[in-house]
Amino acid sequence: MHFFHLSDLHIGKQLYGYSLLEDQEWILTEIYELIREKRPDGVLIAGDVYDKSVPAAEAVTVFDRFLTKVSQLEPKIPVLIISGNHDSPERLAFGAKILSRQQIYVAGTCPQIPEDHLKKVTFQDEWGETEVWMLPFVKPGYVRKLMEESKKETDREDGAGEQRDRDGETEIKVKNGWEEIRRDYNEAVKFLLEREQVDTEKRNILISHQFYTAGGETPKTSDSETISVGGLDQVDISCLAPFSYVALGHIHRPQSMGRESIRYCGSMLKYSLSEWEQEKSVTEVILKAPGQEPVIQLHPLHPLREICVIRGRLEEILEANKDSICEDYVSIVLTDEEELYQPKEQLERIFTHILEVRTERNRKLVQEWEDGQAEDTQTDPKLVFEQFFSQIQGRKLQEEEAAVLEEVFAKIREEEG
Ligand SMILES: [Mn+2]
């Protein structure tokens, strides 16, 4: 089984007010070209297809174009998609039955009734079957009813209802506040996986979109994920044991959790400044004979515009970039000590996509300046202007300028009588 693992497309996302649609279409084209070249047996998309649960029409069009192109490849390459926390489970699953005839499989909602099970797609190769299980993003609330029903069912079957109720009582006492919810996420995922008959004689792959931890070790996050405060959404990887490879989404930095074959492939683009030094990629996985470790290869992606942080003095930055227009998304950190005249306007002539302009001054100098200011209040207006001028221009008034200033002040004094 040879497949591509993608996640966190976040189509429709904006960055500091800039629409990223053009960048997303660009990168999806690069991904499509890779699919066309490498011809994997399947493409797995581990959630957060869209950035919003009600995506903009343009965002839907961009994803539609990508899917249509992939589905036109011959021989067909199945695409398996689960919902992430940013997607609407129901909206994502629209037309899923019809799409499955084109080998586009979408798992939007979690099982609701005892007869419902996780979607599963079976692949065949020289080493036998590989089953790919699709677990949509789970919140404890999505499966609470099903969990209660199944508990009642087991109680009836083994006639141990009374005993269980007594045990349940102590359990309820332990379950309070944060601890209860934390356990609920873990238990909801565990519950959904354990009720499936996973045949570990075969190779099994899971697609999932949760915040997985490995014995308390948490993944390295960025600023663009929506993670619940206090780690309430944590799920321990111990429930992932039956799977030869776990294709994860949710965390935007590519990394493995616990073992190499439990992987976050990361987002397809940098979605926050905190990611500017990360390299985004497509994860290609080859699973050979059962029991063998997967072979994982990362293909770096080449965005239309980079995200970068530029630090330095205004003059240096303008000088270094004066020969061309820069379309990258930039955060500019100015280290000039003196006040600058309209720095953003000057930078905008060269940089077309400025995310922010910050100044980072030497705190000691700023303090000295502020202290000096306090003493100088209520002084001679000419002195105040001279100070203002030298802060803005970085030099003292020249003799000629001082003379002009003197003239102006004289005129004002005259008019004021
Ligand atoms: Mn995400």
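The legends below describe close-up views of a predicted model.

In this predicted model, local features need pLDDT of at least 70 and side-chain atom pairs count only at pLDDT 80 or more, whereas totals for chains, interfaces and linings use all residues. Residues are numbered from 1 along each chain as its sequence is written, and side-chain values use heavy atoms, with hydrogens and water left out.

**View 1**
The manganese ion has as protein donors Asp 8 (OD), His 10 (NE2), Asp 48 (OD) and His 252 (NE2), at 2.1 to 2.5 Å. Donors are N, O and S atoms within 2.8 Å of the metal (3.2 Å for Na, K and Ca); water is not among the atoms, so sites may look incomplete. The spacing of the donor residues along the sequence is D-x1-H-x37-D-x203-H. Asp 8 and His 10 are both buried (buried is under 20% relative accessible area, exposed over 50%, partly exposed in between, with a 1.4 Å probe and protein chains only).

One cavity of 30 Å³ or more is counted, and the largest cavity has a volume of about 30 Å³. On a 1 Å grid over the protein atoms alone, a cavity is a set of points where a 1.4 Å probe fits but cannot get out; a pocket is an open set with protein on both sides within 12 Å along at least five of seven lines; lining residues have an atom within 4 Å of a point. Grid points are joined across faces, edges and corners, and a volume is the space filled by probe spheres set on the points. The residues lining the largest cavity are Leu 6, Ser 7, Leu 9, Cys 265, Gly 266, Ser 267, Met 268 and Ser 281. Four of the lining residues are nonpolar, four are polar and none is charged. In this classification Ala, Val, Leu, Ile, Met, Phe, Trp, Tyr, Cys and Pro are nonpolar, Asp, Glu, Lys and Arg are charged, and the others, Gly among them, are polar. Cys 265, one of the lining residues, has 1% relative accessibility and therefore counts as buried.

**View 1. The second largest pocket.**
The second largest pocket has a volume of about 450 Å³. Its lining has 20 residues, of which Tyr 50, Val 60, Arg 91, Leu 92 and Phe 94 lie nearest the centre of the pocket. Two or more lining residues come from each of helix H2 (57-71), helix H3 (89-92), helix H4 (96-100) and strand E6 (104-107). Helices (H or I, at least four residues) and strands (E, at least two) are DSSP runs, numbered from the N terminus. H2 gives the most to this lining, with five residues. By class, the lining of the second largest pocket has 12 nonpolar, four polar and four charged residues.

**View 2. Cys 326 and Cys 308.**
Zero disulfides are found in a search of the whole structure, a disulfide being a pair of cysteine sulfur atoms within 2.5 Å. Cys 326 is in no disulfide, and the nearest cysteine sulfur, that of Cys 308, is 5.8 Å away. The relative accessible area of Cys 326 is 15%, so this residue is buried.

Tyr 16 is a residue other than glycine with a positive phi, near 50°. Tyr 16 sits in the loop between strand E2 (14-15) and strand E3 (18-19) and is partly exposed, at 45% relative accessibility. Arg 39, also not a glycine, has a positive phi of about 45°. Its place is the loop between helix H1 (21-38) and strand E4 (42-46), and with a relative accessible area of 34% Arg 39 is partly exposed. Glu 74 and Pro 75 are joined by a cis peptide bond with omega of about -10°. Pro 75 lies in the loop between H2 and strand E5 (79-82).

Helix H11 (residues 381-393) has 13 residues and reaches 18 Å from its first C-alpha to its last, close to the expected 18 Å. The expected span is 1.5 Å times one less than the number of residues. Gly 394 follows H11 and has a positive phi near 75°. Helix H12 (residues 399-416) has 18 residues and reaches 26 Å between its first and last C-alpha, close to the 26 Å expected.
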